[in-house]
Amino acid sequence: MICQQCEMRPATLHFTKIINGEKTEMHVCEQCASENGDTFSFSNQEGFSINNLLAGLLNLDPAVTENYKQQSQEVLSCPTCGMTYQKFAKIGRFGCADCYKTFERPLIPFLKRLHGGNYLHHGKIPARIASNLHLKKELQALRLNLKEYIEKEEFEKAAELRDHIRLLEKKMNESREEEA
Amino acid sequence: MSQDLFFSQPVSSWMRQEASNSDIVLSSRIRLARNLTHYLFPTLFSKEQAVEVVRVFEQVFQKSENTNQWNLHLLKMNDLQPLQKQVLVEKHLISPNLAEGDNDGACFLSEKEDLSIMVNEEDHLRIQCLFPGLQLSEALSTANKVDNWIEKYVDYAFDENRGYLTSCPTNVGTGLRASVMMHLPALVMTRQIHRIIPAINQLGLVVRGIYGEGSEALGNIFQISNQMTLGKSEEDIVADLNSVVQQLITQEHSARDALFKTSRLELEDRVYRSYGVLANSRIIESKEASQCLSDVRLGIDLGYIKGLSQNILNELIIMTQPGFLQKYSGGPLKPQERDIKRATLIRERLTINKNIN
């Protein structure tokens, strides 16, 4: 194959671009590529990176942007790192761990699209967090039970459960202090 | 061990180990993305924080009782020559992102080169384990061991609903990317690969050429990896990928059998011609070299070519990349000079290999 630019030397670099399902191919030799500098350089391929692709998805998705517009009055940027939703939509990357909470609402439909409908983690939990998380989940369940007992006016059982909950809460606070 | 070996030896020692299904699966890789809590992600952190993050991990690995088990060497990106970084990329030990980034990145590399811990890539930490053949579960268990060890000393950014928090939401949850490199010449020759790739994509897996996003399948080598990182456990992600890979192995074997039955002579002719090209050419471009190497590797698998190691494909595909060629010749090379050097190197390698055996 001959270089499309100089039409002399053999083409050794091959580019494929797909925009809206339309495929454009480009074949150039190394010399033309290096003369063109940035147009073909390695770093310029960033233009096709997953992050840019993501950014495209974020901007184009009306469900996400609409959703965001509704709450944009409340949340403009991440209090920890200053990342704005607009900037995230442009670069496709977050600035810190708190961005996940800041942009939670518009993020969930987006996560579902990325991860086959999933938005909740079902994998490994760091060991140091694990014991606490276990307690936390147990507490959540017990508090629900307590509410039921009160509604049914079974106060004796409720009092018993309340003491148990207090004990667990104490245990949880202690393990937190140990960690700190 | 001198760090020079990382840049001069093309074949990492992990590649030389015997492994199951290694006729078709060249390697298995597990990558875990992790971030520290209380530090901004590399997208936004300051230079001071970047340096601090490297220091945090340096301390972890120094004080840790396990350091000796892995024999980790610290390579700071700012201390490396561009060519050295390129060689590490070609060996898949670091990502192009880390090599090109300006985040004061670093890499902790084990002596066997089977463990590479990248610091300040897109995330603070990327733990990468490489195994020969199809050994995803083994690689996952090693990566978990390393992860648990590090986690004893640092606080990871983690949320009970979203899992491990990463810079990019495509990695959130498990932060796990599992991938295998497969040599699938018969599926390519019989054009079945065009039918198979879309089917694999529908299962939530990605198929790529060997040098990452957007690259062509060099030498009929394909990388297959998981797309989803959230909502499934690490073990399930690996099991799903594993079962697709097993099916691909079966399909590649049956395509090879079919070719052997219907076009035995043509196949034999192709293998020996390619061997002839590699053994005799004086100028060879990387695309032709990769294709011929793929044919020769198939010839070894089919028993046509004896006395050559199966590793020849993995080894020469890496050795004939621009970074290695220039390292090997001791200086920068123009494209035409590379083609000459490539041909010389391949001829030498084939001779050495034949003599040894």
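Reply: Gladly! A salt bridge here is a side-chain nitrogen of Lys or Arg within 4 Å of a carboxyl oxygen of Asp or Glu. This is a predicted model, and the count between chain B and chain A is 3 salt bridges.

Me: Why is the pair A:K101 and B:D159 called a salt bridge?

Reply: The closest N and O atoms of A:K101 and B:D159 are 3.2 Å apart. The cut-off is 4 Å, so the pair qualifies as a salt bridge. Across the interface of chain B and chain A, the rule also finds 18 residue pairs in polar contact. On the side of chain B that touches chain A, α6(B) has the largest share, 4 residues.

Me: What makes residues on that side of chain B count as nonpolar, polar or charged?

Reply: Residue type decides it: Asp, Glu, Lys and Arg count as charged, for instance. The side of chain B that touches chain A then divides into 16 nonpolar, 14 polar and 17 charged residues.

Me: How do you know how much area is buried between chain B and chain A?

Reply: Buried area is the accessible area lost on putting the two parts together, summed over both, so the value of about 3800 Å² covers both chains. Carbon and sulfur atoms give 57% of that area. B:E160, B:R162 and B:P169 supply 18% of what chain B buries against chain A, more than any other three residues.

Methods:
Residues are numbered from 1 along each chain as its sequence is written. Chains are lettered from A and ligands numbered from 1 in the order in which they are written. This is a predicted model: local features need pLDDT of at least 70, side-chain atom pairs count only at pLDDT 80 or more; totals for chains, interfaces and linings use all residues. Side-chain values use heavy atoms; hydrogens and water are left out. Buried area is the accessible area (1.4 Å probe) that two parts lose on being put together, summed over both. A polar contact is a pair of N or O atoms within 3.5 Å; within protein, one must be able to donate a hydrogen and the other to accept it, and residues adjacent in sequence count only if both atoms are side-chain atoms. Helices (H or I, at least four residues) and strands (E, at least two) are DSSP runs, numbered from the N terminus.
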